[in-house]
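I set out to record what could be looked up in this structure, entry by entry. The notes follow the order in which I consulted the coordinates.

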Amino acid sequence: MNETYIRQLVERFLNAETTLEEEQMLYNYFQGEDIAEDLMPYREVFQSFSAVNGMDKEIVKTHTPVWVTLLRTATTMAAVFLIGLFFAVQGENNEVPQQTMATNQTGHTPDLCEGSTPRELYMCYLERKREQSKTYRSLKRMIYENQQ
C-alpha cells in the first residue's frame, strides 16, 4: 500500500473525515508487519480503535427461548404474590381469640408465672407441672410402681 496515501488517511482520520471503508483500510494496515517507522506510534492507537469498533470480530446476538421467558415471568409473578401475601398477613390482627386459649379446670385462663429470678420461674414451672392432669402412661406407671 502506498505510504503517502496511508499518511493522508491518518491525517484525515485524526480530523474525523474518513469513511468506514478508509478506516477499515487503516485498521488492516496497522495490523500488518510492513509499517513505516514514522507511523509506528499510531500502530497501538489504531489497534485499540479496531478492537473498540469491533472491526476485528463479529458480534452474534442470541435469542432467549420462549420457555425461559415464560419461566422468568412466572417466577416474578409468584415472588410478587408472596411478598403481597406476607404484607397482607402482617397487617391482620394477630391476637389469639379467648376460645382457643388453654383453660384450667376452673374455666379461667391460667396465670403466668411471676418471678424475677430464673429459680422462681423454674419453681413455678415445676408446681404447674405437678398440678397438670396425669396422662394415661404416667398413671399406668404409677399403678405399676405401687403394685411392687
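Entry 1, a pair within one helix. I looked up Arg-7 and Glu-3 and found them four residues apart in helix α1, so about one helical turn separates them. Their side chains meet in a salt bridge, at 3.8 Å from N to O. I applied the rule that a salt bridge is a side-chain nitrogen of Lys or Arg within 4 Å of a carboxyl oxygen of Asp or Glu. For burial I took under 20% relative accessible area as buried, over 50% as exposed and the range in between as partly exposed, with a 1.4 Å probe and protein chains only. Arg-7 counts as partly exposed because its relative accessibility is 31%. Glu-3 is partly exposed too, with a relative accessible area of 34%.

The model is predicted: local features need pLDDT of at least 70, side-chain atom pairs count only at pLDDT 80 or more, and totals for chains, interfaces and linings use all residues. Residues are numbered from 1 along each chain as its sequence is written, and side-chain values use heavy atoms, with hydrogens and water left out.

Entry 3, the other salt bridges. How many salt bridges does the rule give? I noted a count of three. Asp-38 forms one with Arg-7, the closest N and O atoms being 2.8 Å apart. Asp-38 lies in the loop between α2 and α3 and Arg-7 in helix α1, so this pair ties together parts that are 31 residues apart in sequence. With a relative accessible area of 45%, Asp-38 is partly exposed. I therefore recorded Glu-3, Arg-7 and Asp-38 as linked in a network of salt bridges, under the same definition. Glu-22 and Arg-12 also meet through their side chains in a salt bridge, at 3.0 Å from N to O. Glu-22 is in helix α2 and Arg-12 in helix α1, 10 residues apart, and the pair links distant parts of the chain. Is Glu-22 buried or exposed? I found Glu-22 buried, at 13% relative accessibility, whereas Arg-12 is partly exposed at 29%.

I checked the axes of helix α1 (residues 3–14) and helix α2 (residues 20–31), which come within 10 Å and cross at roughly 120°. Axes here are lines fitted to C-alpha atoms, for helices over the stretch in contact, and angles run from 0 to 180 degrees between N-to-C directions. The two helices are therefore oblique to each other; angles under 35 degrees count as roughly parallel, over 145 as roughly antiparallel, 65 to 115 as roughly perpendicular and the rest as oblique.

Ala-16 sits in the loop between α1 and α2, and its phi is near 60°, a positive value in a residue other than glycine. Most residues other than glycine have a negative phi. Ala-16 counts as exposed, at 69% relative accessibility.

I counted six helices and zero strands. Helices (H or I, at least four residues) and strands (E, at least two) are DSSP runs, numbered from the N terminus. Of the 148 residues of the chain, 14% count as buried.

Leu-85 is placed in helix α4 (residues 66–91) and counts as partly exposed at 41% relative accessibility.
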